[in-house]
Amino acid sequence: MARIDSPDAQIARVLSHPLRPRILQILTVRGEASPNEIAAELGVPLGTLSYHTRLLRDAGWIELVREVPRRGAVEHFYRAVMRPEIDDAQWERLPLGVRRRLAAMTVGQVLRSAAAAADAGGFDAASAHVDRVELELDEQGFSELSEVLITALEEAARIQKCSNERRSSRDPGERRGSVLAILHYVGEG
């Protein structure tokens, strides 16, 4: 069992609330955002969002990048320091209940998002993908495929960072939403 102050316990604590991974994802995609902007996007009260933002900041997962005066107040803008994901070794050390809760939460988000995108024409572009492949792999093959997917995610993060840099040097509103969801799991049979 992980000690209460261990990195694994912190990961479990930070990612265990469904709002925190969503905040991290928004900050990763946008590069930076304020709690006010994130609260509006997610449809949650600003006070609730601010609480979770403070928790992420205090845990070192996000950092303050700038402050902007707004009508007698100061709007704080944050960026993600850590991506909202954990590696295979960290995942394996998390308690089984936490792993299952995080997986169910993520799969639910993926399915709701993909269904909404399908209804709105999000898969109409020629370069959009909807692929499903069933494989029968031994343990080595399962691990090899996992490594390929990790590399794909790392490359996607690099592309996102470059896109954020290009957008910050031009019109910050210029963007094309894109969602990459990878599911790799032990199937039935």
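**View 1. The crossing of helices α3 and α4 in this predicted model is right-handed.** Helix α3 covers residues 35-42 and helix α4 covers residues 46-58, and the two pack with their axes 9 Å apart and at an angle of about 120°. Because angles over 145 degrees count as roughly antiparallel and those from 65 to 115 degrees as roughly perpendicular, α3 is described as oblique to α4.

**View 2. Residues of α3 meet residues of α4 where the two helices pack.** On the side of α3, the residues taking part are P35, N36, I38, A39 and L42, and in α4 their partners are L46, L49, S50 and T53.

**View 3. The protein chain, to which both helices belong, has 7 helices and 2 strands.**

**View 4. Contacts and surface are considered here for the protein chain as a whole.** Among the contacts between residues at least 6 apart in sequence, 56% join residues that are at least 24 apart. The protein chain has 189 residues, of which 22% count as buried, and its accessible surface comes to about 13,300 Å², with 53% of that surface belonging to carbon and sulfur atoms.

How values were computed
Residues are numbered from 1 along each chain as its sequence is written. This is a predicted model: local features need pLDDT of at least 70, side-chain atom pairs count only at pLDDT 80 or more; totals for chains, interfaces and linings use all residues. Side-chain values use heavy atoms; hydrogens and water are left out. Helices (H or I, at least four residues) and strands (E, at least two) are DSSP runs, numbered from the N terminus. Buried means under 20% relative accessible area, exposed over 50%, partly exposed in between (1.4 Å probe, protein chains only). Contact means heavy atoms within 4.5 Å. Accessible areas come from the Shrake-Rupley method with a 1.4 Å probe; for residues, only the protein chains shown count as cover. Axes are lines fitted to C-alpha atoms, for helices over the stretch in contact, and angles run from 0 to 180 degrees between N-to-C directions. Angles under 35 degrees count as roughly parallel, over 145 as roughly antiparallel, 65 to 115 as roughly perpendicular and the rest as oblique. A crossing is left-handed if the near helix is turned anticlockwise from the far one by less than a right angle, and right-handed if clockwise.
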